Amino acid sequence: SGFNSIGHMDTMSRGRHQIGHYKEGEEFIQNVFHVLSQIFTGKEKSNLAICWLQYEISKVIQCLQAKKKKKLKAQGRKSKKLAKNFLKAPDNRNNLSLWKLYAYLEWLLGNTDDSRKVFDTALCTAGTGGLKSAQLCSLSLLYAQLEVELLESIEGAVMSRAVHILTKLTENGPYVPYSGQVLPVNVLKARKIYEHALQDYLSKTAVSDQDQVNDADQLVNLVGCYALFQYLTVGIDAAVLIYMQASEKLEISGSQKCENTGENFVIPNFPTALEAVTLLHTNLLRFHMKISVYPLNPLREALTEALKRYPSNQSLWRSYIHIQRKSHSASKARRFFDSVTRSANSLEPWLFAIQAEQMRKKLTEKVQRADVGEIHCTIPETGLTNRIVALFEHAVQSENGTHCPLLWRMYLNFMV
């Protein structure tokens, strides 16, 4: 076929087939990992193992999205074998980040019980760092988040496995696997501990830059655990309140740093603590709307505020497009896209604005082609086509757009 793209380009669809991982690109990436793993030692080698496993997980997620069962089975076997080999290495036995990824892999493959065993084993061997250990917090947060996703409603969630995990995290003792109940007295104690821990972090002024980075990661994990705990034991409003408190504090510390150093605090393409907290906040609101009745406005406001600040965050844009698809009026979203594309240098707002219009066009065509007799077309189809072409034209004229192969391919694809 001439030449192949390295790895994958999952935004383009060719006929019915989604473009997946090419054989040559895949071989190249595997070779790079193999060569590097022989060169690296110690901490670098562990970090490489984490990257490799994250890459394998991305392929599993792609198989899940494309609903390819056979491919998923084969990919799952390969990825699990790799993960087990990593964990057999003496350096990695106590690496909680690797344990976390392995447990997540098992969960994605649908092996919930096996995944729980891996999580429990990791938590039992992790020691008693409690809320002070960033890795332990991160592991407990993912475990609890996955368990919460299994809940069909928030009723009776106080007795759930997720609450048990988040309660045990505060106790500083050895982890005990879930036995089917959570004592109310432990829930009350845990809430107090979380409250004090968060206050300590928010009132702390960081010492050095390196400490500040570690502190920021730890704060995000702590806020995530505490907010999820409040969500399950009190309700959505209590969880949102914690996200608000943390965001306010992070905004203040960010603006102070700007004044002190005289430079811009927002680092491009780097998920700062505030961005990560915002992501947790919007994801929780989306989940809550899925399992219960809740107004759309809080989520829409949170997303528009966040996207003005982080116009290159793809997860936030995906959420925004997802909620906009439900509304019949496109004008609000168009105005928002227009304002962001004018002020931001990043290319993501353009790409997502185009994607949103293409989805709308698909939907309109589907309705017009529906075999239900005479249908009065409310949105003229040519208007949408012209709008999409205009968006492409403006996007490729922007500085980043001119040099983006993906954008040109999408444009050619659309014109064809």
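Helix α12 gives the largest share of the lining of the second largest pocket, with 6 residues. The model is a predicted one. In total, 17 residues line this pocket. Elements that supply two or more of them are α10 (236-261), α11 (273-291) and α12 (297-309). Nearest the pocket centre lie Met244, Ser247, His281, Ala302 and Glu305. The space inside comes to about 370 Å³. Sorted by class, the lining holds 9 nonpolar, 5 charged and 3 polar residues.

Now turn to two of these helices. The axes of α11 and α12 come within 10 Å. They cross at roughly 155°. Angles over 145 degrees count as roughly antiparallel, and α11 and α12 are therefore roughly antiparallel to each other. The crossing of α11 past α12 is left-handed.

Which residues make the contact? From α11 come Leu274, Thr278, His281, Thr282, Leu285, Arg286 and Met289. From α12 come Pro298, Leu299, Ala302, Leu303, Ala306 and Arg309. By class, the contact of α11 with α12 has 8 nonpolar, 3 polar and 2 charged residues.

Two names link the pocket and the helix contact. His281 of α11 takes part in the contact, and His281 is also among the residues nearest the pocket centre. Ala302 of α12 belongs to the contact, and Ala302 likewise is listed among those nearest the centre.

Methods
Residues numbered from 1 in each chain as written. Predicted model: local features only at pLDDT ≥ 70, side-chain atom pairs only at ≥ 80, totals over all residues. Heavy atoms only, no water. 1 Å grid on protein atoms, 1.4 Å probe; cavity = no way out; pocket = protein on both sides within 12 Å on 5 of 7 lines; lining within 4 Å. Points joined across faces, edges and corners; volume = space filled by probe spheres on them. Helix = DSSP H or I, 4+ residues; strand = E, 2+ residues; numbered from the N terminus. Nonpolar A, V, L, I, M, F, W, Y, C, P; charged D, E, K, R; others polar. Axes fitted to C-alpha atoms, helices over the stretch in contact; angles between N-to-C directions. Parallel < 35°, antiparallel > 145°, perpendicular 65-115°, else oblique. Left-handed = near helix turned anticlockwise from the far one by under 90°. Contact = heavy atoms within 4.5 Å.
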